[in-house]
Amino acid sequence: MGEHMYRQVLDPLGALGLSALVAAVPLLTIFVLLGLFRTRAHVAGLAGLAVALVVAALVYRMPYDQAALAAVEGAAFGVFPIMWIVINAIWIHQLTFPRGHFHDLRRAFGLVSTDPRVQVLVIAFCFGALLEALAGFGAPVAITASMLTALGLSPLRTAGAALLANTAPVAFGAIAVPIITAGKLTGIPADTIGAMVGRQTPILALVVPFLLVALVDGRRGLRQTWPAAAVCGITFALAQFACSNFLSIELTDIVAALVSLLAVAALLRAWQPRGTEEARSSVLVEAAGGGPGAAVSTRVSPGRVLTAISPYLIIVAVFATAQVPAVAHALDAVTKKFTWPGLHVVSSAGKPVSAATFTFNWLATPGTLLVISGLVATVVLRVGWRTSLHEWWLTVRKLRMAILTVATVLALAYVMNLSGETTTIGTFVAGTGGLLAFLSPLLGWFGTAVTGSDTSSNALFASLQVAAGAKAGINPTLLVAANSSGGVLGKMISPQNLAIAAVAVNKEGEEGRLFRAAIRYSVPLVLALCLLVALQSLPVLDWMLP
């Protein structure tokens, strides 16, 4: 075991287009099972993994032991750090239940607005963007979906809103890690890539708040709350553009989220949407004090409001502290990096493949920072250590099928990456010449759909985009930025994010319905982005390049 060196093959069938088609079969298997056959996510993930292993072994001639070890490494990455983050994010929310802080939390958001459509903008878009800026990796979807469910929004509508909102901020998420990763791999300054991304994703930010309102309450919601959606989107877009181009890519989403949140709060002091009670009656499925749409009393003392929202303030404070250079250095000092035992894979050029290196950042990972936040919240909320530990264990049990799903999907991703299946698809897209500018966001979209991470998508394809751009005579910075921008739209259909959203709203097994709902937004938006990038590569919009 483990002694067989595997050298990746880009075109195992001798026809790149055919090889790329076969390489895409594992992911297509998952999407077909979820979208057409309504299979549960863990079953679709296991089926996709089985197909990926067959393609790796029979088509790419990857030794069986190497393919198996690739799957094991991917599954381990799915558990840590991905599900380690999600488990602790949901645990913190569960701590608000034992002493009734959950109900105070609902009343606290009622102080901002009692309109559920506005609350979705504030929680899913603004607060979700702040969480994405600090943590990423599924935590924003898990936390905002739980919070929206607490307000009484229907579970599947809540999950859809959380997935859709987790788009525009993703490229600058986790303190701009996706863009920094792309910069390290390509040699293009990260600030330059970030500036270009800041001239693409703000356009998404303009649109998403309107889509969120429409998702919650249809055309009526758009007619009655469009000023809030407009202010939310415009201020976020302007702040994201300005910060990414003139201030700091690391702070981009933090600034944009806070500016947007404050702007919406200021608007609500001078304007209130029409039809709030009507919307509450038709949109909310359960509410405190009675049946659907029952009014939530906002009579709650400032102290109880502060206590109710304290877990989320603690999260922000802990993650912000972790970004202080001295603290970040101390946290990273104990990180261990090692080649996965027994895994021997090199690229087609004979160079070591980065995916074979596992990073065990047990202290610096957002999941551990959430544990610290949860321990502090346990004290502040006064829930008791035994109760807190019990809630954590219940959360793990609740997430057991999601853990299996994410582990199998990441196992599939690692098999595809290490066998060369993913690179085959990327090489095929990169060889499309004049169409490359249009297709480059699709490559990022595909990469994030496979891995669930814009960072991973950039790690897979950023260098490929540069090489293809040089060959096609297209600005490489534009293509690398397009890879990251396209990736943000693949996140909402990633099986691991679908599983996280389903569990957060107690709808395990409904991932197929979520996928069918999310794909309706994901595909049109990514195609619109493809058109934008194509025009940016031409004299029509090349003035938008930094």
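With which residue does Arg 220 form a salt bridge, and how far apart are the closest N and O atoms? The partner is Glu 278, and the closest N and O atoms are 3.0 Å apart. A salt bridge is taken here as a side-chain nitrogen of Lys or Arg within 4 Å of a carboxyl oxygen of Asp or Glu. Arg 220 belongs to helix α11 and Glu 278 to helix α13 (residues 276–283), so that distant parts of the chain, 58 residues apart, are linked by the pair. Helices (H or I, at least four residues) and strands (E, at least two) are DSSP runs, numbered from the N terminus.

The model is predicted: local features need pLDDT of at least 70 and side-chain atom pairs count only at pLDDT 80 or more, whereas totals for chains, interfaces and linings use all residues. Residues are numbered from 1 along each chain as its sequence is written, and side-chain values use heavy atoms, with hydrogens and water left out.

Arg 220 also forms a salt bridge with Asp 217, for which the closest N and O atoms are 2.6 Å apart. Both residues lie in helix α11 (residues 201–246), and their spacing of 3 residues separates them by about one helical turn. An α-helix has 3.6 residues a turn, so residues three or four places apart point the same way. Relative accessible area was classed as buried (under 20%), exposed (over 50%) or partly exposed (in between), with a 1.4 Å probe and protein chains only. Asp 217 is buried at 10% relative accessibility, and Arg 220 is buried at 18%. Glu 278, at 45%, is partly exposed. Through shared partners, salt bridges join Asp 115, Arg 117, Asp 217, Arg 220 and Glu 278 into one network.

The structure holds 7 salt bridges. One of them pairs Glu 132 with Lys 491, with a separation of 3.8 Å between the closest N and O atoms. Glu 132 is in helix α6 (residues 116–134) and Lys 491 is in the loop between α22 (476–490) and α23 (495–504), so the pair ties together parts that are 359 residues apart in sequence. Glu 132 is buried, at 2% relative accessible area, and Lys 491 is buried, at 3%.

Aromatic contacts were also searched. Rings of Phe, Tyr and Trp (its six-membered ring) pair if their centres lie within 6.5 Å; planes under 30 degrees apart count as stacked, over 60 as edge-to-face and the rest as tilted. The search of the whole structure finds 8 aromatic pairs. Phe 77 and Tyr 414 have ring centres 5.9 Å apart and planes at 40 degrees, so this pair is tilted. Phe 77 is in helix α4 (residues 64–94) and Tyr 414 in helix α18 (residues 400–419), 337 residues apart, and the pair links these distant parts of the chain. Phe 77 is buried at 18% relative accessibility, and Tyr 414 is buried at 12%. Phe 80 and Phe 360 form a tilted pair, with 5.1 Å from centre to centre and 50 degrees between the planes. This pair, too, links distant parts of the chain: Phe 80 is in helix α4 and Phe 360 in strand β4 (residues 357–360), 280 residues apart. Phe 80 is buried at 13%, whereas Phe 360 is partly exposed at 33%.

Helix α20 (residues 436–451) has 16 residues. The expected span of a helix is 1.5 Å times one less than its number of residues, which gives 22 Å for α20 and agrees with the 22 Å between its end C-alpha atoms. Of the 16 residues, 14 are buried, so α20 is largely enclosed by the rest of the structure.

Ser 457 is found in helix α21 (residues 454–472) and is buried, with a relative accessible area of 0%. Contact means heavy atoms within 4.5 Å. Not counting residues up to four places away in sequence, Ser 457 touches Leu 443, Gly 444, Gly 447, Thr 448, Thr 451, Ala 462 and Asn 483.

On the surface, Ile 372, Leu 375, Val 376, Val 379, Val 380 and Trp 385 form a nonpolar patch with about 510 Å² of accessible area together. Patches are made of residues with over 30% relative accessible area and no salt bridge, with like charges joined within 9 Å and nonpolar side chains (Val, Leu, Ile, Met, Phe, Trp, Tyr) within 5 Å. Accessible areas come from the Shrake-Rupley method with a 1.4 Å probe; for residues, only the protein chains shown count as cover. Helix α16 (residues 366–381) gives the most to the patch, with 5 residues. Val 380 lies in helix α16 and is partly exposed, at 36% relative accessible area.
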